[in-house]
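I am opening a notebook page for this structure. The entries below follow the order in which I looked things up.

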Amino acid sequence: MIALIRRDLRRSVSSGGATLVVAFFLLVATLFPFAIGPDAALLAKIGGGVIWTAALLAALLPVERLVGPDLESGVFDQFAVRGMSMTLVAVAKTIAHWLGFGPPLMLAAVIAAGLLNLSGDTLLRVEIGLLIGTPGLAALAVVTSALVAGVRGSGAVTGLVMLPLAVPLLIFGAGSLDPAGGAGAIKLLAAVSLVLVAGAPFIAAAAIRAALD
Amino acid sequence: MLFSNVSFDLGPGDAAIVTGPNGIGKSSLIRIAAGLLAPFEGAVTCKADKALLTEASALDIDRTLVAALRFWATLDRAPDPEERITRAVKALDLEALADIPVRLLSTGQRRRASIARVAATDAPVWLLDEPANGLDLASVTRLEALIARHRSSGGIALVATHLPLSLPGAREIAL
């Protein structure tokens, strides 16, 4: 299990995964001020939502290389021959993917918060939300990757499959920024994230097994 | 339907060569034996660990040959992984390439690396799909010697090939 996590993490680092995600995330976050205009009060108001949207879009980037390349290079065949549980493999992939993209994204959110003129209080809420939400996002990325692996032109399909499923994370993540009613939203965010983390490996495993046939 | 009425039974030291024209289902037979494909009818019983060699090398292309082999040796939890890797690398004359990233290897070298991955396991059952593809004559001889050594230590080899391989005493399964 640890060997699997280390392998995936190394692959993500060596392919520049985190750097790309962070750069893309910051780019999307910078586009909003350009499009909306330098109204500091308005930016501070929508900034939290912008960060969540940017995080969601950035989470799409690494999806294609989570499962597809391993399927092609026969790595999953080798796992299967060794009688390894595909569910555990999917869990390992989820953990490695989160380690590779969750913490860097949380760091980048600090910079984005500066760009968007967010208050320290809002930034704290964003960070807590991301800490709770990104594991769910990582699980969703692995399951999407397993579902679209082997589909030709999977790049476009990836977004269409993953983004609608990530909407609850976005709603409750952005909802948790509300100082008045944020506490309820953050519990719901945690619930959605937990469901994704607990359920996704089983679906991903089934998808991988189907792809092996 | 690819093939029907295929039945065989291999014990320690046995080998079988699967032959037949392209597309007849040699690779599918290997995948069924490996448990990756479910047969439409019938069953596969295998009482020991299996090592599989297919077209795909399953070696990480951005790592060095030895590091890529080490990943699988670690997963297999066989005793003395380093010793096994060294022996397998030597048996396939890959010592000079040990620290070269897998992506720089040629087709034949990659095939030899995959064979080394199989040789480094302690799985008694070897399932080899076209192991001689892309190999030069010297490497084919090494492969034959490796399979012979594996069998003499009680191993089993099921080999699908369209190239002639000399495996003394192997039974032929013609599809």
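**Chain A, overall**

I counted secondary structure in chain A and got 9 helices and 0 strands. The model is predicted, and I read every entry here with that in mind.

I then checked the overall dimensions. Along the principal axes, the C-alpha trace of chain A spans about 60 × 30 × 30 Å.

For burial, I found that 46% of the 213 residues of chain A count as buried. I also looked at contacts in chain A with a separation of 6 or more: 84% of them are accounted for by residues 24 or more positions apart.

**Helix H8 of chain A**

I went to H8(A), which covers residues 154–175. Its 22 residues should span 32 Å at 1.5 Å a residue, and I got 31 Å between the end C-alpha atoms, which agrees.

Where does H8(A) bend? I placed the bend at Val167(A), at about 40 degrees. A proline, Pro168(A), follows within four residues.

Next I listed the buried residues of H8(A): Thr158(A), Met162(A), Ala166(A), Leu169(A), Phe172(A), Gly173(A) and Ala174(A). Which helices do they pack against? I found four partners in chain A: helix H3 (40–60), helix H4 (64–72), helix H7 (120–148) and helix H9 (182–212).

**Nonpolar core**

The largest nonpolar core has 116 residues. I looked for the members that touch the most other members and noted Ile51(A), Ala55(A) and Val142(A) from chain A, with Ala116(B) and Leu127(B) from chain B.

I followed up Val142(A), leaving aside its neighbours within four places in sequence. It is in contact with Leu66(A), Val67(A), Ala90(A), Lys93(A), Thr94(A), His97(A), Ala200(A) and Ala204(A).

**Where chain B meets chain A**

I turned to the interface and counted 16 residues of chain B in contact with 15 residues of chain A. On the chain B side, the elements that give two or more residues are strand E2 (50–53) and helix H2 (65–76). The largest share, 4 residues, comes from H2(B). Sorting that side of chain B by class, I got 9 nonpolar, 4 polar and 3 charged residues.

Definitions and conventions
Residues are numbered from 1 along each chain as its sequence is written. Chains are lettered from A and ligands numbered from 1 in the order in which they are written. This is a predicted model: local features need pLDDT of at least 70, side-chain atom pairs count only at pLDDT 80 or more; totals for chains, interfaces and linings use all residues. Two residues are in contact if their C-beta atoms, placed from the backbone, lie within 7 Å. Ala, Val, Leu, Ile, Met, Phe, Trp, Tyr, Cys and Pro count as nonpolar, Asp, Glu, Lys and Arg as charged, and the others, Gly among them, as polar. A nonpolar core is a set of buried Ala, Val, Leu, Ile, Met, Phe, Trp, Tyr and Cys residues joined through C-beta atoms within 7 Å. A residue is buried if 20 or more other C-beta atoms lie within 10 Å of its own, exposed if 12 or fewer, and partly exposed in between; C-beta atoms are placed from the backbone. The expected span of a helix is 1.5 Å times one less than its number of residues. The bend at a residue is the angle between axes fitted to the seven residues ending there and the seven starting there.
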